[in-house]
Amino acid sequence: MAIKRSPGPPADQPDRWEAQLRKGALEMATLASLWRGRLYGLEIIRTLEAQSRLVLAEGTIYPILSRLKDEALLTSEWVEADAGHPRKYYSLTNEGRDRLRLMAAAWVDFSNGLDQLIQPILQPEEVLQ
Amino acid sequence: MNTATTSDQEQIEQFLTTLRASLGPIALPEREEILREIDAHIHDSMELTGQSAATVIAKLGSPQQLAADYRDGALVRAASYSFSPMLLLRATLRIATKTLSGFIVFLFALTGYLTGISFLITAFLKPFFPDRTGVFVLDHHLYRIGIQNTLPPVPIHEVAGFWFVPASLVIASATLVLTTVVIRHFLRLSTTVQQKLDGYHPTFRTSQPSSPSR
């Protein structure tokens, strides 16, 4: 079986592919965690940990938040807390909400299609018979 | 913050110092805000979980990796709002190594800037070498624009005179402005493209309302 190389960047390593996939999904998941209201970084990480397995190093979430803010999908504000130091809260902008809706719809479309395609692969015994 | 011991505090300081150093090219206010946020994260996480600074820091990942994630794309983003030729060239050079269009834009940028600078230099040199600088014609045809090493042989002569100075200054500014505008436009475009390539783009089209699928 020949391994087909795409003309773009080398995508032949599965862990790299998974990292890319995770990265893409993490962005949507981060936006989604803010759907119900503002949260600060650690709360976002906790939410993602509780509801997905996306977070590897906790640090990865902060650069993503920074980028989403640059793209005007999020806003942030520093809020004084009982903890003795302020916390940086993030919330979705209207643009962020619109984008997230599109992303969620696209995600469902995409994964439904793929699920059907890969279903036989996840039951290798049946395939071999 | 109350739960942090001296040794905890030292480890936090060390992490933040390395992070600060690795954030390098990111603008100072942005850098300080990043450090403030990460500092708050470490203290909150320690209080919430009762874990030591070392554990909380380990879960953050390495400060170098964290800084690299922040820096990733920051150059291109910064350059797309800048007028600095150096910054613009550096950003296009980075993209040039990745895509063909990036490479073409890099060549365009280099050519544009060099042309602009050449006109500036000739405008500056005209007062010093009036006979050898300017627009040279031979039999009513353009022979050469610029500066000659030696005085050209007789039928070739310079026609612009001292008008050459304002004219080439105008051409130089126009070229430089045009080059800058085109590069910035491309960089903005490419940040959008990058975002799409990075993540959700392949799935994105299928969800357009106009999609005729199903």
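Colleague: Which helices of chain A each supply at least two residues of the lining of the second largest pocket?
Modeller: This is a predicted model, and its second largest pocket has a volume of about 450 Å³. The lining counts 14 residues, with A:Trp17, A:Leu21, A:Trp107, A:Leu114 and A:Ile118 nearest the centre. The helices of chain A that each give at least two residues to that lining are helix 1 (14–33) and helix 4 (94–118).

Colleague: Thanks! Which helix gives the largest share of that lining?
Modeller: The lining of the second largest pocket divides into ten nonpolar residues, one polar and three charged. Its largest share is six residues, and these come from helix 4 of chain A.

Colleague: Let's stay with chain A. Which strands are the edge strands of its open sheet?
Modeller: The open sheet of chain A has three strands in the order 1-3-2, with antiparallel pairing. Each edge strand pairs on one side only, and these are strand 1 (39–40) and strand 2 (74–79).

Colleague: Which residue is the bridge partner of A:Leu39 in strand 3 of chain A?
Modeller: Strand 1 and strand 3 (residues 87–92) of chain A run antiparallel and are joined by two bridges. In strand 3 of chain A, A:Leu39 has as its bridge partner A:Tyr90.

Colleague: What angle does the direction of helix 3 of chain A make with that of strand 2?
Modeller: Helix 3 (residues 61–70) of chain A packs on the sheet and touches strand 2 and strand 3 of chain A. Its direction and that of strand 2 of chain A make an angle of about 115 degrees.

Colleague: What is the phi of A:Ala72?
Modeller: A:Ala72 sits in the loop between helix 3 and strand 2 of chain A, and it is partly exposed, with a relative accessible area of 34%. Most residues other than glycine have a negative phi. A:Ala72 is not a glycine, yet its phi is positive, at about 65 degrees.

Colleague: Now for chain B. What pattern does chain B follow along the sequence?
Modeller: Chain B has nine helices and three strands. Reading along its sequence gives the pattern α-α-α-α-α-α-α-β-β-β-α-α.

Colleague: Which strands stand at the edges of the sheet in chain B?
Modeller: The three strands of this open sheet have the order 2-1-3, with antiparallel pairing. A strand with a single partner has one side left without a neighbour in the sheet, so the edges are strand 2 (141–147) and strand 3 (157–158) of chain B.

Colleague: Which residue is the bridge partner of B:Val137 in strand 3 of chain B?
Modeller: Strand 1 (residues 133–138) and strand 3 of chain B pair in the antiparallel sense over two bridges. In strand 3 of chain B, B:Val137 has as its bridge partner B:His157.

Colleague: Is B:Asp139 buried or exposed?
Modeller: B:Asp139 lies in the loop between strand 1 and strand 2 of chain B. Its phi is positive, about 55 degrees, although it is not a glycine. Exposed means over 50% relative accessible area. At 57% relative accessibility, B:Asp139 therefore counts as exposed.

Colleague: One last question: how far apart are the C-alpha atoms of B:Ala174 and B:Gly116?
Modeller: B:Ala174 is found in helix 8 (residues 164–198) of chain B and is partly exposed at 44% relative accessibility. B:Ala174 and B:Gly116 are 58 residues apart along the chain, and the separation of their C-alpha atoms is 7.9 Å.

Technical notes. Residues are numbered from 1 along each chain as its sequence is written. Chains are lettered from A and ligands numbered from 1 in the order in which they are written. This is a predicted model: local features need pLDDT of at least 70, side-chain atom pairs count only at pLDDT 80 or more; totals for chains, interfaces and linings use all residues. Side-chain values use heavy atoms; hydrogens and water are left out. On a 1 Å grid over the protein atoms alone, a cavity is a set of points where a 1.4 Å probe fits but cannot get out, and a pocket is an open set with protein on both sides within 12 Å along at least five of seven lines; lining residues have an atom within 4 Å of a point. Grid points are joined across faces, edges and corners, and a volume is the space filled by probe spheres set on the points. Helices (H or I, at least four residues) and strands (E, at least two) are DSSP runs, numbered from the N terminus. Ala, Val, Leu, Ile, Met, Phe, Trp, Tyr, Cys and Pro count as nonpolar, Asp, Glu, Lys and Arg as charged, and the others, Gly among them, as polar. Two strands pair if DSSP finds at least two bridges between them. Buried means under 20% relative accessible area, exposed over 50%, partly exposed in between (1.4 Å probe, protein chains only). Contact means heavy atoms within 4.5 Å. Axes are lines fitted to C-alpha atoms, for helices over the stretch in contact, and angles run from 0 to 180 degrees between N-to-C directions.
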